[in-house]
Amino acid sequence: MCGLWMWALAPSLVQAGTLSSQQLEAAVIDAIQPVVEKHRIPGMALALTIEGEPYFFNLGETALEGGAPVTEHTLFEIGSVSKTFTATLAAYAQVKGALDFNAPVSTYLPALRGSAMDDVSVLNLATHTAGHFPLQLPAELRSEDELLGYFRNWQPQYTPGSKRTYANPGSGLLGVVAARSLNQPFARAMQDSVFRGLGLGHTFIEVPEENMAGYAEGHNRKHQPVRVTIGLLGEEAYGVRSSAADLTRYLAAQMELIKVAPEIQQALRITRQGYFRTDFYVQDMVWEQYALPLNKAHLLAGNSRAMIRDDHPVTAISPPLPLQRNVLINKTGSTGGFSTYVAFIPEKKFGFVLLANKYFPNDERVTMLHGILRAILPDVIAAPEAGAEDVSGVVPGVVTTHGQPAHGSSLTEKNTRG
């Protein structure tokens, strides 16, 4: 570990319920130390919402060479957590009367009429149940015409709505359909309607020049600096950059702890209805919700490589499951040099945001969340518990702050946009 990093605790950090500042500090250290040491993570921003109050834990630097200290406002690539914003845009379009989730995809893309997209609904795109797209769009596609040709010629491998296959092409196409229905380019629609409606001031599809200094460098397994290359459908599927502070506000909006634009609030509620049951969780629009008390084995399996890589049978929920509060809702995201994990429990006013400028596997992110929950909200953890004992110690470089919410897969290194 780099010797110039040091642990500090802001004096404003107060007790969270029956948990003292020292116990919260210890819980965070125990959760992050094994991962930081194992993967030599240059920088990490961890945010917890406890009883509705945000706590920020900032570790390390934005780059291995010449980086600035990570803060809750540092920009990270959030990978496929971007898909939750894309789903929100689609739900917003439905609230505005521009989009019907039950309509075929070809309704909004006339070039696809007469293709298999006549039998794939917009909701199928939002729930990964279209009929088996590959995890990544074929690399040889270079233009919008080639992209439309790909979707015209695509044939499902199963009946839409019968299985779940995680795929960037389907989520990307959802973003295209949503933006077309609103008659706007995707990035503009997202910035003007979703990010602004949520009051997010440091969340971008296209990072402005004046914000580039606060954009962390990612790092690959060789510790070399990398940033994501945005290809076709990349903006829609994995292109968002955001900060711990903004994602904490996003989760606060999900839990209705803060007020946001009414049409956006309605859209958030739509994305969190339950549409399909898997073996491990209920599939919402992109979001995945787990029953409480939380079964760690289910949480690990639901976020596993197999769940990203393979087809999984699902059962449709009709009518959709209404908004649930006593559940854990989560989404992971990755690029070649970044790792993201967000989760929240509305009933407990609990939120979790993990941002790191190095890729590491989902199971270690899940274990980190589980360890923190076991320490601060043990009643949400199923017994008997599965998992190893925590290892106590000190993580050099973590800076903690506390404040009110702001107002206003193939998992190889070159293919981790999941």
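Reader: Where is leucine 233 placed?
Author: This is a predicted model, to start with. Leucine 233 sits in the loop between β7 (225-226) and α7 (234-238).

Reader: Is leucine 233 buried or exposed?
Author: Buried. Its relative accessibility is 8%, and the cut-off for buried is under 20%.

Reader: What is the phi of leucine 233?
Author: Positive, about 65°, although leucine 233 is not a glycine. Most residues other than glycine have a negative phi.

Reader: Which loop holds histidine 132, and what is its phi?
Author: Histidine 132 is in the loop between α3 (122-126) and α4 (144-153). Its phi is positive too, near 90°.

Reader: Switching to prolines. Is the bond from leucine 292 to proline 293 cis or trans?
Author: Cis. Omega is near 0° there. Proline 293 belongs to the loop between β11 (288-291) and α10 (296-302).

Reader: And serine 318 to proline 319, cis or trans?
Author: That peptide bond is cis as well, with omega about -5°. Proline 319 is in a strand, β13 (residues 315-321). Most peptide bonds are trans.

Reader: Now strands. How many residues of β15 are buried?
Author: 8 of the 8. Strand β15 covers residues 338-345, and it is largely enclosed by the rest of the structure because those residues are buried.

Reader: Which residues point which way from β15?
Author: Phe338, Thr340, Val342 and Phe344 point one way. Ser339, Tyr341, Ala343 and Ile345 point the other way. All are buried.

Reader: In what sense do β14 and β15 pair?
Author: Antiparallel, over 7 bridges. Strand β14 is residues 327-335. The two form a hairpin with 2 residues between them. Glycine 333 stands opposite threonine 340 of β15.

Reader: What about β15 and β16?
Author: Antiparallel again, over 7 bridges, with β16 running over residues 350-356. Phenylalanine 344 has glycine 351 in β16 as its bridge partner.

Reader: How many residues lie between the strands in the hairpin of β15 and β16?
Author: There are 4. In that hairpin, lysine 349 has a positive phi near 55°.

Reader: Where is leucine 355?
Author: In strand β16. Its relative accessible area is 0%, so leucine 355 is buried.

Reader: What does leucine 355 touch?
Author: Contacts beyond four places in sequence include Gly43, Met44, Ala45, Phe76 and Ile78. Ser242, Ser243, Ala244 and Leu247 are also among them.

Reader: How far apart are the C-alpha atoms of leucine 355 and phenylalanine 338?
Author: They are separated by 7.5 Å. Along the chain, the two residues are 17 apart.

Reader: Where is histidine 202?
Author: In the loop between α6 (186-198) and β6 (218-219). Histidine 202 is partly exposed, at a relative accessible area of 31%.

Reader: Which residues does histidine 202 touch?
Author: Leaving out residues up to four places away in sequence, they are Leu75, Asn211, Arg241, Ser242, Ser243 and Asp246. Alanine 245 is 43 residues from histidine 202 in sequence, and 8.4 Å away from C-alpha to C-alpha.

Reader: New topic, the core. How many residues does the largest nonpolar core have?
Author: The largest one has 88. Phe85 and Leu198 have the most contacts inside it.

Reader: Last one, helices. At what angle do α2 and α5 pack?
Author: About 35°, with their axes 9 Å apart. Helix α2 is residues 82-95 and helix α5 is residues 168-181. Their crossing is left-handed.

Reader: Which residues of α2 and α5 meet?
Author: From α2, they are Lys83, Thr86, Ala87, Leu89, Ala90 and Ala93. From α5, they are Asn168, Ser171, Leu174, Gly175, Ala178 and Ser181. The residues of this contact divide into 6 nonpolar, 5 polar and 1 charged.

How values were computed
Residues are numbered from 1 along each chain as its sequence is written. This is a predicted model: local features need pLDDT of at least 70, side-chain atom pairs count only at pLDDT 80 or more; totals for chains, interfaces and linings use all residues. Side-chain values use heavy atoms; hydrogens and water are left out. Buried means under 20% relative accessible area, exposed over 50%, partly exposed in between (1.4 Å probe, protein chains only). Contact means heavy atoms within 4.5 Å. A nonpolar core is a set of buried Ala, Val, Leu, Ile, Met, Phe, Trp, Tyr and Cys residues joined through side-chain atoms within 4.5 Å. Axes are lines fitted to C-alpha atoms, for helices over the stretch in contact, and angles run from 0 to 180 degrees between N-to-C directions. A crossing is left-handed if the near helix is turned anticlockwise from the far one by less than a right angle, and right-handed if clockwise. Ala, Val, Leu, Ile, Met, Phe, Trp, Tyr, Cys and Pro count as nonpolar, Asp, Glu, Lys and Arg as charged, and the others, Gly among them, as polar. Two strands pair if DSSP finds at least two bridges between them.
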